[in-house]
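You asked for a colleague's note on this model. The points below are numbered and can be taken one at a time.

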Amino acid sequence: MGSDPVFTQLSFRSAKPDFLASLSPGWKEQTDWKEESDRGPPRRGPHLLPGLPTNVSVTAGRLATLPCRVANLKGRAVSWIRQEDLKVLATDGVTFTSDNRLQVRAWRTGAVWAWDLEIHEAALEDAGVYECQVNTRPKISHPVTLHVHLGGAVIPGPGEVYVEAGSRLLLTCWVQAPPRPPGPIAWLHNLAPVHAHGARGGVSLHVAQEGARASARLSLTSVTPEDAGNYTCQPEGLEPAHVAVFIMQNEEPRAMHHDRAPSSSHQSLALLVLALLLPHSLR
């Protein structure tokens, strides 16, 4: 936070060839609003479009877009302010922050300007109120509250799974991506995609949506040592989950080795010691 601010020149997009000329202070007001005379007299000065969202929700790690639309800008400056510390993040084509995740995307359609604040890879600490301001007298502004939610994949249970050779492997992954349902979910085996119709038969993949979360189930029949390794549940744009799978062949899981019955050599040694001690105990 203490580093020098970075000034970034904004790039603009426009569908009209005379767009760059319209950036000058002498830009004349567009007349497109006359076509909407049936909706009432046009507003001649700069004003915010009605109906703009005041709340934006996004999952952590994804792109957050905070909208601002200004009509008849007439050369006025547009700024984005973070209300928590009243920091000016951007004014017109210049950003005043060293955080390169933030940028303003601006373009124009007729008399309407779009000045959207984009926060790439949104984090929980980015949540709060941001304000789009136009330097009119009196000032006009549009506040937007950003909500950032945790999301990602979870495979319930321990991080290691032991399965006997020839049996069935079943893995279930839960994915949360509020406020919207998660996107595509893939399973990886040692970083290679798992396909239901791949070279290895007996693979079943099932995904079920439940509001803002989803379940992804992977089933493998008749597992072999080749099925051992690291399995990853990878939702698009979210944190993955991992589990290590071990295939056992005629032996018990490592966690159960201490419960084994005594071996035959141990039994023979015990009988020999008992036979040597028994005559002495009878004297």
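1. Strand S11 is covered on both faces: Val112, Ala114, Asp116 and Glu118 on one side are all buried, as are Trp113, Trp115, Leu117 and Ile119 on the other. Strands here are DSSP runs of E of at least two residues, and helices are H or I runs of at least four, numbered from the N terminus. Buried means under 20% relative accessible area, exposed over 50%, and partly exposed in between, with a 1.4 Å probe and protein chains only. Eight of the eight residues of S11 are buried, so the strand is largely enclosed by the rest of the structure. In a regular strand the side chains alternate between the two faces of the sheet.

2. This is a predicted model, in which local features need pLDDT of at least 70 and side-chain atom pairs count only at pLDDT 80 or more, while totals for chains, interfaces and linings use all residues. Residues are numbered from 1 along each chain as its sequence is written, and side-chain values use heavy atoms, with hydrogens and water left out.

3. Which strands pair with S11? Strands count as paired if DSSP finds at least two bridges between them. S10 is antiparallel to S11 and joined to it by eight bridges, with Arg105 opposite Asp116. S5 is also antiparallel to S11, through three bridges, and Thr65 stands opposite Glu118. Strand S6 (residues 69–71) pairs with S11 in the antiparallel sense over three bridges; Arg69 has Ala114 as its bridge partner. The hairpin of S10 and S11 has two residues between the strands, and Gly110 there takes a positive phi near 65 degrees.

4. The largest nonpolar core has 26 residues, of which Leu66, Trp80, Trp115, Tyr130 and Leu146 touch the most other members. Such a core is a set of buried Ala, Val, Leu, Ile, Met, Phe, Trp, Tyr and Cys residues joined through side-chain atoms within 4.5 Å. S11 gives the most to this core, with four residues. Leaving aside neighbours within four places in sequence, Leu66 is in contact (heavy atoms within 4.5 Å) with residues including Trp80, Trp115, Tyr130 and Leu146. Apart from this core lies another, of 24 residues, among them Cys173, Val194, Ala241 and Val245.

5. Aromatic rings of Phe, Tyr and Trp (its six-membered ring) pair if their centres lie within 6.5 Å; planes under 30 degrees apart count as stacked, over 60 as edge-to-face and the rest as tilted. By this rule there are two aromatic pairs. Trp113 and Trp115 are stacked, because their ring centres are 5.8 Å apart and their planes at 20 degrees. The other stacked pair is Tyr162 and Phe246, at 5.1 Å centre to centre and 15 degrees between planes. Tyr162 is in strand S15 and Phe246 in strand S22, 84 residues apart.

6. Two side-chain polar contacts deserve a look. A polar contact is a pair of N or O atoms within 3.5 Å; within protein, one must be able to donate a hydrogen and the other to accept it, and residues adjacent in sequence count only if both atoms are side-chain atoms. Thr232, in strand S21 (residues 229–235), is buried at 2% relative accessibility, and its side chain makes such a contact with that of His242 (2.9 Å). Ser79, in strand S7, is buried at 13%; the side chain of Ser79 makes a polar contact with the side chain of Thr91 (2.9 Å).
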